[in-house]
Amino acid sequence: MLRSLSVPRAAVRSAFKQSSSLPKVVAPSAIARLSKRSYATEAEERDLVIIGGGVAGYVAAIKAGQEGLKVTCIEKRGTLGGTCLNVGCIPSKALLNNSHLYHQILHDTKNRGIEVGDVKLNLEQLMKSKDTAVAGLTKGVEFLFKKNNVEYIKGTGSFVNEHEIKVNLSEGGERSVVGKNIIIATGSEATPFPGLEVDEKRIVTSTGALALEKVPESMVVIGGGIIGLEMGSVWSRLGAKVTVVEYLGQIGGPGMDSEISKSAQKILKKQGIDFKLNTKVLGGDVSGDKIKLEVEAAKGGKNETLEAEVVLVAIGRRPYTAGLGLENIGLETDERGRLVIDSEYRTKIPHIRVVGDCTFGPMLAHKAEEEAVAVVEYIKKGYGHVNYGAIPSVMYTHPEVAWVGQNEQELKAAGVKYKIGTFPFSANSRAKTNLDTEGMVKMIVDAETDRILGIHIIGPGAGEMIAEGTLAIEYGASSEDIGRTSHAHPTLSEAFKEAAMNCYSSAIHF
Amino acid sequence: MFATKVLRASAAAHAERTPMIKFLGKRTIPSSIDHTPHAHPASPTHELPAGFGSSPSFSSYRQQAQQHGPLGKAGKSGGIGDRSGHSLGPVTPAKGEYFDRNELPARFRRRPLDIAEIDAIETGGATLVC
């Protein structure tokens with residue numbers, strides 16, 4: 001198409017108005033003589049275009065809307081919230097909570113003086129209840145988009161050039177979006193296990209493990225990290241015989257403090273989960289009724305065959321950037337598939353930024369949220385803030401495990417002089433009244449300054465309690481700052497205070 | 001009156017310890033910020049790849065590029081870059097006005113007919129099947 005550029009179009013047209021009633025031909029060269037011409041897109045330029053409507057993407061979109069930017073968010077799933085809301089944190093917590101209730105009614109209420117009759121599991125209803133929670137939250141995000149004037153496009157976006165994104169619309173058709181700034185927030189996907197083809201029925205990732213149609217008789221979990229242990233807990237509580245196979249010598253991943261990890265393993269073992277640590281999975285055979293997994297000691301040793309009705313592959317997640325058309329703009333990923341960014345989330349093309357799972361840092365929803373707010377502040381104000389040293393991790397098993405800052409093995413390796421204060425929940429009044437006393441709070445402080453370096457909790461409500469620890473680390477608190485702060489009685493948080501007191505002085509109740 | 005002040009002064013005088021948490025006050029954006037690319041704090045290598053940030057971006061290129069005048073918004077001459085295509089309105093000609101296809105660049109013109117196609121048209125397609 002031809003376009004008049006520096007002269008208003010209406011003026012150009014009026015210049016060519018002809019008196020005859022017959023159609024007249026206007027030579028484009030005539031227009032060109034009046035003006036300069038070129039080609040241009042019909043797409044409106046947006047201040048910010050975000051590819052991905054997961055936690056990183058939707059939070060950035062809402063924040064940008066609040067900052068008055070004209071923002072568009074492209075999401076292909078059909079619902080907002082990404083992995084976290086749809087097939088991750090949220091549905092897993094629904095299953096964890098309800099399976100814990102079921103397990104408690106079956107095994108724990110009698111001691112508490114509550115005798116329950118016939119207890120039955122209705123898995124279909126359990127799943128429905130999970131789906132209701134998910135649907136409510138994803139719709140809630142859609143509402144927040146409307147409230148904050150975020151344009152939401154359902155479709156798959158890919159780069160045409162450094163400013164233009166082509167969207168294959170979910171409902172069919174195509175459209176183009178042009179952005180002054182672009183954020184890539186396409187998240188991550190489960191890492192497949194070589195040689196085991198995921199069908200989400202018998203060989204499942206966390207996605208399939210959230211939607212099994214019946215409780216399997218047996219389940220092998222490959223990977224003893226947080227996802228594997230949470231989903232393993234769910235199906236173990238519902239009646240499956242669960243075995244966790246982990247390549248490393250400890251469960252919970254490398255971030256978990258070794259002492260806490262051992263304690264968690266002991267407690268989960270007591271709940272019925274078997275563990276095979278330092279064990280490598282060699283391959284699997286899915287031809288029979290049961291899946292046969294060949295395993296051997298990680299450092300070499302005797303082979304063993306494990307049989308299971310369902311195998312959960314939970315060896316980690318990898319960045320998801322497929323189909324983005326990165327090759328069209330010359331962006332490359334590192335050896336682990338992460339998009340390389342600088343400290344302001346910029347790629348080497350500065351107006352294209354990346355946040356969340358598809359770039360550096362832990363793959364955690366709350367880390368992605370922090371980055372999403374910061375990246376919009378960088379765009380709008382030129383300054384943002386995320387403290388990567390104060391990002392908590394939580395494992396929502398029962399008891400929960402939570403930590404923030406450095407663990408003991410890291411501090412040892414770094415040669416830092418530290419002191420430790422601990423307090424067991426068995427000495428905490430509220431844990432006693434709740435008959436839920438497993439676990440402890442472990443606080444690690446700098447030996448010289450008393451500054452808190454790491455906090456590690458295993459116990460009831462650890463995931464909530466770690467917020468206080470994160471605040472303490474964010475603001476450089478000492479253990480004495482916490483120990484001299486009043487904590488309500490009787491609460492679990494008194495264990496937190498007493499662990500702090502145990503660092504610089506002594507706990508009172510232990 | 002000023003009881004809190006007095007208490008605080010007294011407490012300070014007898015303080016055995018100084019809290020490490022301090023009141024930071026309302027957050028402000030630093031007056032001077034270095035925007036040159038630095039390695040991301042969570043980067044495993046703690047360094048940026050060679051050439052990162054040194055090649056001009058399309059945005060910066062657009063600031064200086066010329067095509068019938070400056071492309072970038074920084075251009076003050078009222079060039080193409082000053083207004084989005086959308087804001088210029090529809091590009092279709094008014095009723096009764098037409099663009100001549102032959103004046104367009106070659107890729108938009110009709111493709112020339114070859115002999116076989118001319119024959120096919122003239123024979124009603126018979127040459128294609130006979």
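**Exercise 1. Find out how D446(A) is placed: which side chain of opposite charge is nearest to it, and how far away is that side chain?**

Step 1. D446(A) is buried yet has no salt bridge, and the nearest side chain of opposite charge, R451(A), sits 7.9 Å away. Buried here means under 20% relative accessible area, exposed means over 50%, and partly exposed is in between (1.4 Å probe, protein chains only). A salt bridge needs a side-chain nitrogen of Lys or Arg within 4 Å of a carboxyl oxygen of Asp or Glu. For charge, Lys and Arg count as positive and Asp and Glu as negative, while His and the chain ends are not counted.

A quick word on what you're looking at: this is a predicted model, where local features need pLDDT of at least 70, side-chain atom pairs count only at pLDDT 80 or more, and totals for chains, interfaces and linings use all residues. Residues are numbered from 1 along each chain as its sequence is written, chains are lettered from A and ligands numbered from 1 in the order in which they are written, and side-chain values use heavy atoms, with hydrogens and water left out.

Step 2. Now place the residue: D446(A) belongs to strand β21 of chain A. Helices (H or I, at least four residues) and strands (E, at least two) are DSSP runs, numbered from the N terminus.

Step 3. The side chain of D446(A) reaches the backbone nitrogen of T449(A) at 3.0 Å.

Step 4. List the contacts (heavy atoms within 4.5 Å). Leaving aside neighbours within four places in sequence, D446(A) meets V416(A), K417(A), R451(A) and L453(A).

**Exercise 2. Work out where H489(A) lies and what it is in contact with.**

Step 1. UniProt, in an unreviewed entry, puts the feature "active site" at H489(A). UniProt positions are given in the numbering used here, feature names are shortened, and annotations may be inferred rather than shown by experiment.

Step 2. You'll find H489(A) in the loop between α14 and α15 of chain A. H489(A) is exposed, with a relative accessible area of 59%.

Step 3. Setting aside neighbours within four places in sequence, H489(A) is in contact with S429(A) and E494(A). The side chains of H489(A) and E494(A) are joined by a polar contact of 2.9 Å. That term means a pair of N or O atoms within 3.5 Å; within protein, one must be able to donate a hydrogen and the other to accept it, and residues adjacent in sequence count only if both atoms are side-chain atoms.

**Exercise 3. Explain why α15(A) is largely enclosed by the rest of the structure.**

Step 1. Helix α15 of chain A covers residues 493-504, and nine of its twelve residues are buried, so the rest of the structure largely encloses it. Among the buried ones are E494(A), F496(A), M501(A) and C503(A).
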